[in-house]
Amino acid sequence: MKLLVCGGAGFIGSTFARLRLREQGDAVTVLDKLTYAGREENFQDLTEEPGFRFVHGAIEDPGAVAAAIAAGSPEAIVNFAAETHVDRSIAEPDAFVRTHALGTYVLLEAAREQGLRYLQVSTDEVYGSIDVGTFNEDSPLRPSSPYSATKTGADLLVASYFHTYGLPAVICRGSNNYGPYQYPEKLIPLMILNALNGDSLPVYGDGMQVRNWIHSTDFARAIGHVLEHGDPGEVYNAGGPDEEANIAVIRRIIDLTGAEESQIDYVTDRPGHDRRYSLSSEKVRALGWAPNVRFEDGLAETVAWYRENAWWWEPIRSGDYRGYYERQYGRSLQP
Ligand code: NAD
Ligand code: TYD
């Protein structure tokens, strides 16, 4: 297939591009704005692959979208492009509204004009929090944060293009991802790097919030599976095999890195913090997908990757991220 992968310089988008180029022999054009989270380092091993192209631009810019389509002549658009951190959406929601609402609209219009298939990458956070049981694709949408609310808005716009214009669009909602190349503002890479560098490990509230963890390669494969086998107009959830409380995840990271229990620091909770996410993936499993990576194994591999790839994270930890960290946590990272 020829694919336009929007947001392909980010964590999951670059993982998806790598798998599609190397395992499926697809041609992949990445369109990415290169925000703080989008980095050319994430796809520097792909630039020599036949079929790989990179176009620098924003999804809300119709000219950039047209240029990327002209460059790659795609059959389908896969949209990963997003602002993705809940804490940043609480501090500064502006870019979340622009990218998720306007950006998704511009991509949908381009897909409609050019007769392209469309896959929207979405999140379990659109369903909100669930204390007991699991969400399925028919569960009500009750997002809690500006991040999840604007992602929900994008999903509804995608659905409207299927119902109104017959656009062959599908939505794939993932649970919390982890793996190589994840920006260290998110729980797992933040804790790994803080553990390795002797920084404190900031636990929000009581640390008993539960997340359903999926390895990024499993989610990337689920997205490919939905693209190939999903029915237009449908939503498919893709969750990981294991759920765990945050404090238990942090204790695993302490064991894997040799950090000290005394590095744990209970800090003020996130406003509007969702207690638990839990996702049923029966529908995409019925299409033949299943996750391959158990959390225990994937986390150990992820810790090893961060240990071995300081070239990737050192420029982040010595750059603008330091200022973000001070604003968010009220303390500095170790020099
Ligand atoms: P990320 O923050 O690592 O990457 C996002 C990418 O989008 C970056 O390369 C960034 O430069 C790009 N981008 C942002 N705004 C853009 C714009 N206006 N135009 C073009 N490019 C833009 O995010 P990620 O964790 O890889 O998430 C990718 C997708 O998966 C998102 O849609 C997210 O909502 C979804 N998702 C993420 C998770 C998770 O746990 N990380 C879970 C479920 C779903
Ligand atoms: P995060 O990685 O931000 O993902 P999401 O909010 O999208 O689930 O956070 C995962 C969980 O970890 C969430 O319950 C918030 C918690 N958390 C902390 O306790 N400390 C932190 O420093 C961060 C970033 C997250």
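A cavity is a set of points, on a 1 Å grid over the protein atoms alone, where a 1.4 Å probe fits but cannot get out; lining residues have an atom within 4 Å of a point. In this predicted model, the second largest cavity has Asp274 among its lining residues. Local features here need pLDDT of at least 70 and side-chain atom pairs count only at pLDDT 80 or more, while totals for chains, interfaces and linings use all residues. Residues are numbered from 1 along each chain as its sequence is written, and side-chain values use heavy atoms, with hydrogens and water left out.

**Cavities**
- Two cavities of 30 Å³ or more are present in the structure, a volume being the space filled by probe spheres set on grid points that are joined across faces, edges and corners.
- The second largest cavity holds about 70 Å³ of space.
- Its lining is formed by Val86, Glu125, Ser144, Ser145, Arg211, Arg270, Pro271, Gly272, His273, Asp274 and Tyr277.

**Aspartate 274**
- Aspartate 274 lies in the loop that runs between strand E12 (264–267) and helix H9 (282–285); helices (H or I, at least four residues) and strands (E, at least two) are DSSP runs numbered from the N terminus.
- Aspartate 274 is buried, that is, under 20% relative accessible area with a 1.4 Å probe and protein chains only.
- Aspartate 274 has no salt bridge, and the nearest side chain of opposite charge, arginine 211, is 5.5 Å away; a salt bridge places a side-chain nitrogen of Lys or Arg within 4 Å of a carboxyl oxygen of Asp or Glu.
- Leaving aside residues up to four places away in sequence, aspartate 274 touches Gly128, Ser129, Ser144, Gln209 and Arg211, contact meaning heavy atoms within 4.5 Å.

**Largest pocket**
- The largest pocket has a volume of about 270 Å³; a pocket is an open set of points with protein on both sides within 12 Å along at least five of seven lines.
- At least two lining residues come from each of helix H3 (86–91), helix H4 (94–114) and helix H12 (321–329).
- Residues lining this pocket include Tyr36, Glu83, Arg88, Phe96, Tyr324 and Arg327.

**Other positions**
- Glutamine 114 belongs to helix H4 and is partly exposed because its relative accessible area is 47%, between the 20% and 50% limits.
- Proline 335, in the segment after H12, counts as exposed because its relative accessibility is 96%, exposed being over 50%.

Methods
Chains lettered and ligands numbered in written order. Lys, Arg positive; Asp, Glu negative; His and termini not counted.
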